[in-house]
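Here is a short report on the side-chain packing and pairing in this structure. It begins at the surface and then turns to cores, rings and charges.

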Amino acid sequence: MKKAPSQSVLWNRLLIATVLLLVFAGSIGLATVWLRHQVSEVAAANRNAQVRIAELDRRIAEVNSQVAAGLSPDVLLRQNTRLRLGLAAPRDNQIIRVDEEVEIRLAAKRNAELYTTSVVPASFPVSTPR
Amino acid sequence: MRKGFASSSRLVVLAAGLFAALVGISARLVDLHWLRSAELTAFVDKARKQIIVDQARRGDILDIRGNRLATSRSLIELGADPQVLRKEDEAKWPELAQLLGIPQSELEIALRRRFALESVDSTDAPTDERMSRPIRWVRLSEAVEESTYERILKLNIKGVYGNRHYRRVYPGGQLAAHILGYINKEGTPVTGVERHLDFYLRGQAGWRESERDGLRRELAQFRTREIPAADGFDVVLTLDTFVQHIVEEELETIATKFRPDSATIIVSDPRTGAILGIANYPTFDLNHYNRAPIAVQRNLAVTDMFEPGSTFKIVASSGALNDRLVTTSTVFDCSLSSIVYEGRARSLPGDAHAYGVLSVAEIVGKSSNRGAAQLGMRLGSQRLYEYARAFGFGEETGFPFGGEIPGMLHPVRAWDGLTITRLPMGHAVGATAMQMHYAMSTIANGGVLMRPLIVFEIRDHSARTIAQCQPMQVRRVISKETATTMARLLVNAASAEGTGEAAVITGYEVAGKTGTTQKIINGHYSERQHVGSFVGFFPARRPQVAITVIVDNGRLPTGGTAYGGTVAAPSFKRIGEQLIPYLGILPAQANKSAIAMGDAKRDRISHP
């Protein structure tokens, strides 16, 4: 009887193939689970980042509103009094109005300073031939 | 031959097992996906699916220099669930009370009450017939700041938690209260810019469809559809915080000195119509709007009208000059008590002083009622009416919010016999402060009436301009030459020779007109109650600022009449003096060369 062994081999091979197929399918399943886990991890990280951004936005809004409140004229005047700074708006006779090109004026002033600066005497060692 | 592992019996068992398993799985799948599909899907949808709404942040309202006038910030409504409070956390309650700024006893009462009595049928039922209902939420504070909330969370008191929500805050308090408006507790914009530009400010809420786990945490990986929230745009106004503050400070001064029923000040750039500052007395704090009566919340500058009085004389005089019916040197006999007009003798109104013959320039300068009446008659009823309409009386100025009224200017057919003599001096007409301000600004702007400009632009959060409002001309009312002539006459009016001496600013040409009208009380002109006003601009040759001050029923400490020259003109001067350095307004004598202003200039600047 030569047919029986070949049949069992066939069955064995089929079984091994099935097991391998199951292992392969299992691997794919595990890989899928791992991928899904990664997806959920990334999604959770994104969500946390969004929450953090929203939190920072809230902080910025809070600071902005505090700054705005701190810069309101009434508050500044109270601070001026409380800290005894004595700050006051300029009077008209304290204001100097420059009705010419400011850049040219400043450049001219600077150049004049350069040319009229007095020379400061300086001494330094000079090597002489022996 | 070696027998294989898989004997027939084993294979049969294995096959049967696999078949049974497959049948079992199939049966389960059929049960889940077919027989109970609808029921289970509904359950899963209810239990896991959720739609999360992302609230958009409302845009800010800024002044022309970028200062925040209204902004949104998140605050936390803090509460506790008394059912889950732990005994060991009670030691932390004093610190919690301190952070919340409430007495400890009050906090303890709130936290220790775990059950509320609830009637079975009615609340009138006796106590023993009532059922006790467990309290799951007791509010401890309506608005806790983020920083405070963080400190509260660090206390780690189980059962104490908060819900975050956006709250509108107005950093300036009462600054520009009548312009900004406010958002009420339901989140509805009620008045002012908040309401008028709500479409731009409110933004659009976003949403996302997602799932949650058993602990109600979002499973972000199952997000399916997501629409991000679009924050509201910022609105930039033409108002300047500094100018606005000057205006409101001046109103406080007026209120302290004269205890008026109300007062209004408007400051604008007559060349563009842009309003730099506008305020009314009485006013209110926008952060505590619920404490202010509705009457106080009205923007009186556009909602209330008054008889403008002598400030209205600019209409008849401008009209007569513009139609070339008179020149500045044309004279009128202001001693006459009546004059014949259209075949009938008309009585002329009285003057504060007895005048003789006055030129047109003197009529404006000395504010002669009889002179103004004769100018009106020279112009004729129809032309006088047309000029009044052209200057913007009897129609809305176009101020975009606050419930503006058109005032009152009757058509000629509705005039009685006295109107032609009374209208030129500002009686028989009802004007708002805004109308009077822009009528005067017309002269300052070379004869062109401008539309009030209060919104400068709308920006997105990256400061990109979405829309910009440009200055808008309404119409030309008088020629440029007439406007120049009128400005010159008004300089006389605001001088030692005129009625507005108190408005004079040294070194600057101020053009303006005082006004004083008796208030109508119970249908009669009151001898004791007056509306005093001053409307003007400066420098007269190159107007940069127009200022209107109106004081309703000011009470002088001396008990005298609250003339415009007494109660309003000094305010014009004080405001003007503060604006000069801030806006860099050059004096009348300015020219293109370097300007020497006082000794300081000579001392500190020397040309190289």
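## A nonpolar surface patch

In this predicted model, A:Val63, A:Val67, A:Leu71 and A:Leu76 make up a nonpolar patch on the surface. A:Val63 sits in helix 1 of chain A, which covers residues 3–70. Its relative accessible area is 44%. A:Val63 therefore counts as partly exposed, since that class lies between 20% and 50%.

## Nonpolar cores

In soluble globular proteins, nonpolar side chains tend to be buried together. Here the largest nonpolar core has 91 residues. B:Ile179, B:Leu237 and B:Ile443 have the most contacts inside it. Helix 16 of chain B, residues 433–444, gives the most to this core: eight residues.

B:Leu237 shows what such packing looks like from one residue. Leaving aside neighbours within four places in sequence, B:Leu237 is in contact with B:Ile61, B:Leu62, B:Asp63, B:Ile64 and B:Leu69, among others. Its list of contacts also includes B:Ile179, B:Leu180 and B:Val193. B:Ile454, B:Val455 and B:Phe456 are on that list too. Another core, of 32 residues, lies apart from the largest one. Among its members are B:Val247, B:Ile265, B:Phe538 and B:Ile575.

## Aromatic pairs

How many aromatic pairs does the structure hold over all chains? There are ten. One of them joins B:Tyr508 and B:Phe538 edge-to-face. Their ring centres are 6.0 Å apart, with 85° between the planes. B:Tyr508 lies in the loop between helix 17 (480–493) and strand 24 (511–521) of chain B. B:Phe538 belongs to strand 25 of chain B, residues 524–538. The pair therefore ties together parts that are 30 residues apart in sequence. Both partners are buried: B:Tyr508 has 7% relative accessibility, and B:Phe538 has 0%.

B:Phe534 and B:Phe572 form an aromatic pair that is also edge-to-face. The distance is 4.9 Å centre to centre, and the planes make an angle of 65°. B:Phe534 is in strand 25 of chain B, while B:Phe572 is in helix 19, residues 569–583. This pair links distant parts of the chain, 38 residues apart. B:Phe534 is buried at 0% relative accessible area. B:Phe572 is buried as well, at 0%. B:Tyr508, B:Phe534, B:Phe538 and B:Phe572 form one aromatic cluster.

## Salt bridges

Side chains of opposite charge can pair when their charged atoms come close. Over all chains, the structure holds 47 salt bridges. In one of them, the side chains of B:Arg65 and B:Asp240 meet at 2.7 Å, N to O. B:Arg65 lies in the loop between strand 2 (61–62) and strand 3 (68–80) of chain B. B:Asp240 lies in the loop between strand 11 (234–237) and helix 9 (241–258) of chain B. B:Arg65 is exposed, at 51% relative accessible area, whereas B:Asp240 is buried, at 4%.

B:Asp89 and B:Lys92 also meet in a salt bridge, at 3.4 Å from N to O. B:Asp89 is buried, with 2% relative accessibility. B:Lys92 is partly exposed, with 26%. A further bridge joins B:Glu395 and B:Arg389, whose closest N and O atoms are 3.9 Å apart. That distance falls within the 4 Å cut-off, so the pair counts as a salt bridge. B:Arg389 is partly exposed at 28% relative accessibility. Beyond these pairs, a network of salt bridges links B:Asp54, B:Arg208, B:Glu218, B:Arg223 and B:Glu226.

B:Arg48 is found in helix 2 of chain B, residues 37–48. Is B:Arg48 buried or partly exposed? It is partly exposed, with a relative accessible area of 30%.

Which residues does B:Arg48 touch, not counting those up to four places away in sequence? They are B:Ser210, B:Glu211, B:Arg212, B:Leu219 and B:Phe222. B:Gly214 is 166 residues from B:Arg48 in sequence. In space, the two are 8.0 Å apart, C-alpha to C-alpha.

Terms used:
Residues numbered from 1 in each chain as written. Chains lettered and ligands numbered in written order. Predicted model: local features only at pLDDT ≥ 70, side-chain atom pairs only at ≥ 80, totals over all residues. Heavy atoms only, no water. Patch = residues over 30% accessible without salt bridge, like charges linked within 9 Å, V, L, I, M, F, W, Y side chains within 5 Å. Areas by Shrake-Rupley, 256 points an atom, 1.4 Å probe, with all protein chains shown as cover. Helix = DSSP H or I, 4+ residues; strand = E, 2+ residues; numbered from the N terminus. Buried < 20%, exposed > 50% of the residue type's maximum accessible area, 1.4 Å probe, protein only. Core = buried A, V, L, I, M, F, W, Y, C linked by side-chain atoms within 4.5 Å. Contact = heavy atoms within 4.5 Å. Phe/Tyr/Trp six-rings, centres within 6.5 Å; stacked < 30°, edge-to-face > 60°.
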